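Dear colleague,

Please find below the structure that I am handing over to you. My notes on it follow directly after.

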Amino acid sequence: MLQKQLEYIRSITDFKPQVALILGSGLGALADEIDIVKTIDYKDIPGFPISTAPSHKGRFVFGFIGKAKVVIMQGRVHLYEGYTPKEVVSPIFLMRKLGAEVLFLTNASGGINKDFSIGDFMIIDDHISSFIPSALIGKNDDSIGTRFPDMSDVYNSNLCKLIEDTAKENNIDVKKGVYIQLRGPAFETKAEIRMCKTLGADAVGMSTAIEAQAGNYCGFKVCGISCITNLACGISDRPITSEEVNETANRVAGSFKKLVIKSIERIANG
C-alpha cells in the first residue's frame, strides 16, 4: 500500500521536501500561509487514513517556508479515532519515501510539571510510549528500518538545540521536557497524572510519541514542540475541556507559528 500511495502522489507532483511537518491543534492555519505548490486530500490517497479530529483539515500541503521545501500534514490521525498503530504512522513512512529528512512534530498537551503555565512551549527532549501499542510490532520491513531501532536520541539533540537557540533569538520563552502519550480520547484521571509525574513526564497528550518512534525508525531526524494548552488533571482543579485546549492553542498560535517557521528556516540553512 505504501508504494501505491507514493505512486499516487508522484502522479500529481514530483516535489521533494526536506522537512515533514505535522501540525497539532491550533496550528492548522500555518499550512495556509506558506508558499503552496500543491495540496492533496488524504481521502484521495489509496488506503490512506482520514483525519476525523475537530479542526484537523486532512490534507498534505507541499510548498516552501522561506527556502525550506516542506510537506505539511494539516491534520494528523490518532489511535483514539480507531486506527491501528500501523495506520497512524503510515503517513510518516510515506513522507520519508517522498524524500523528507527531518520530521518536525507539534502538538497540544497537558502540563504535568508544576513549573509550567498554560500557553508555555516545551521542546520535547524525550518521551514515554510504554502505554500505547508500538507500530513496529509484527514482521519488519527492512526497506523501511531495522528490526531493533535505537531510541537513545529520538529527539535529535542538535535539532533541539537549534529550536532552543531560535526561541532565544526571537524572544520566545521555551521549556524542555519529557512527553508521555496515552491513548485517549478521555482526558486523564488524577491518579493517572500522578503516575505520569512519578515516571518523569512533564506533559501528556494523545499523539506524537508513536510518530516520533516511527520517524526515528525509518531514518528521520526528529524534533518536536508541545504547546501546554491546559494543566493536567489534579495539577489544576478545573475540569478539562477540548474548548479550553483549542482556546489556548488559538491564543498563542502566533508565537507558536513564528517559532516553528523560524526553526524550519534555520534547519534548511544547515
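**Rings and charges**

The charged end of Arg96 lies over the ring of Phe220, 5.6 Å from its centre; such a contact requires NZ of Lys or CZ of Arg within 6 Å of the ring centre and within 35 degrees of the ring normal. Please note that this is a predicted model, in which local features need pLDDT of at least 70 and side-chain atom pairs count only at pLDDT 80 or more, while totals for chains, interfaces and linings use all residues. Residues are numbered from 1 along each chain as its sequence is written, and side-chain values use heavy atoms, with hydrogens and water left out.

A charge also sits over Phe15: the charged end of Lys69 is 5.0 Å from the centre of that ring. There are eight aromatic pairs in the structure (rings of Phe, Tyr and Trp, the last by its six-membered ring, with centres within 6.5 Å; planes under 30 degrees apart are stacked, over 60 edge-to-face, the rest tilted). The rings of Phe15 and Phe62 have centres 6.0 Å apart and planes at 70°, so this pair is edge-to-face. Both Phe15 and Phe62 are buried (buried is under 20% relative accessible area, exposed over 50%, partly exposed in between, with a 1.4 Å probe and protein chains only). Ring pairs join Phe15, Tyr42, Phe48, Phe60, Phe62 and Phe64 into a cluster.

**Strand E9**

In strand E9 (residues 221–231), nine of the 11 residues are buried. Helices (H or I, at least four residues) and strands (E, at least two) are DSSP runs, numbered from the N terminus. E9 runs parallel to strand E5 (residues 102–111), to which 10 bridges join it; two strands pair if DSSP finds at least two bridges between them. Here Leu103 stands opposite Val222. With strand E6 (residues 121–128), E9 pairs in the antiparallel sense over three bridges, and Ile123 has Ile225 as its bridge partner.

**Salt bridges**

The structure holds 10 salt bridges (a side-chain nitrogen of Lys or Arg within 4 Å of a carboxyl oxygen of Asp or Glu). One of them joins Glu211 and Arg76 at 2.8 Å, N to O. Glu211 lies in helix H5 (residues 209–217) and Arg76 in the loop between strand E4 (68–74) and helix H2 (85–97), so the pair ties together parts 135 residues apart in sequence. Glu211 is buried, at 3% relative accessible area, and Arg76 is buried at 2%.

Lys175 and Asp120 form another salt bridge, at 3.6 Å, N to O.

With kind regards
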